[in-house]
Amino acid sequence: NTWGRDCDKLIFASSAPHPGLEILTLDLGEAESRVMLWPKSQQMWMHVYQHYLNDYDWFLKADDDTYVVFPYLHEYLATLSKNDPIHLGRRLHLGGRSDADAYYSGGAGIILSHEALRRLGERAEKDASVWEGPPGGPEDYLTSRTLRNVGVHTVDTRDKSQKHQFFTLGIGVEREIKRSYDMWYWQFSKDAVEGADKCCSRRWIATHYIRWQEMLAIHRMRLTRCQPGPDEFPYLELPELQSDV
């Protein structure tokens, strides 16, 4: 009912049916839970590879509490090549600052280029051991580790002003959060800075932790061309909708 309308193809993945939605039904062997995110993600990527690889240039996985601003996503992807083996999102680092330490936070969405998905799918069909880690491991970190096994790397997804365009804690929280060196966010987000005017793009692409009511509110604001102030939710220069539905 909101940003999903902007997708060229929208698929919901679940181990249970949901009337009214196109569902990719997954066989997880047990009830869905956070522990099963990594097996769930593996099945989703392989389904998309096997059925849609040659239909699209870029492939996005997002949570049900993620909001994506597609006009700004399209602008950003237009500066990149689908033929490069890259994946995108909110880059974090476990350890140092090198690509070998980097991964993307799952909550802000993970995007694979056509070439990235091709490499992953071709390798995984031949060798299931390419998938890193145990079933209950951290899905976002293991996604990047697995992709690194097939030569897919991360990139810095900040804008030209070095402001973030993807938000793992949510756009509102990251605008206000104070530096604390014993908090995981400051340890893993090597590029994070304090201050709304320094940290966060006003043309952001995706944010985590958006409630369904907030998704509807953003959609209605776009419909009515209601622009918020720079310090008002959703802290975004709202692009116009192409449709009034």
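**Close-up views of a predicted model**

**View 1. Aromatic residues of helix 6.** Trp184 and Phe188 lie four residues apart in helix 6 (residues 184-188), which means that about one helical turn separates them. In this predicted model, the two rings form an edge-to-face pair, at 6.2 Å centre to centre and with 70 degrees between the planes. Trp184 is partly exposed, its relative accessible area being 38%, and Phe188 also counts as partly exposed, at 22% relative accessibility. Tyr185 and Trp186 form an edge-to-face pair as well, because their ring centres are 5.1 Å apart and their planes stand at 80 degrees, where planes over 60 degrees apart count as edge-to-face. Tyr185 is buried, with a relative accessible area of 2%, and Trp186 is likewise buried, at 5%. Ring pairs join Trp184, Tyr185, Trp186 and Phe188 into a cluster, and a search of the whole structure finds ten aromatic pairs.

**View 2. The crossing of helix 1 and helix 3.** The axes of helix 1 (residues 37-52) and helix 3 (residues 114-126) come within 9 Å and cross at roughly 105 degrees, so the two helices are roughly perpendicular to each other. Helix 1 contributes Trp45, Met46, Val48, Tyr49 and Gln50 to the contact, while helix 3 contributes Leu117, Arg118, Leu120, Gly121, Glu122, Ala124 and Glu125. Of the residues in this contact, seven are nonpolar, two polar and three charged.

**View 3. Strand 6 beside strand 7.** Strand 6 (residues 90-93) runs antiparallel to strand 7 (residues 102-105), and four bridges join them, with His93 standing opposite Ala102 of strand 7. Arg90 and Leu92 point one way from strand 6, whereas Arg91 and His93 point the other way, and all are buried. In a regular strand, side chains alternate between the two faces of the sheet.

Definitions and conventions
Residues numbered from 1 in each chain as written. Heavy atoms only, no water. Buried < 20%, exposed > 50% of the residue type's maximum accessible area, 1.4 Å probe, protein only. Pairing = 2+ DSSP bridges. Axes fitted to C-alpha atoms, helices over the stretch in contact; angles between N-to-C directions. Parallel < 35°, antiparallel > 145°, perpendicular 65-115°, else oblique. Contact = heavy atoms within 4.5 Å. Nonpolar A, V, L, I, M, F, W, Y, C, P; charged D, E, K, R; others polar. Phe/Tyr/Trp six-rings, centres within 6.5 Å; stacked < 30°, edge-to-face > 60°.
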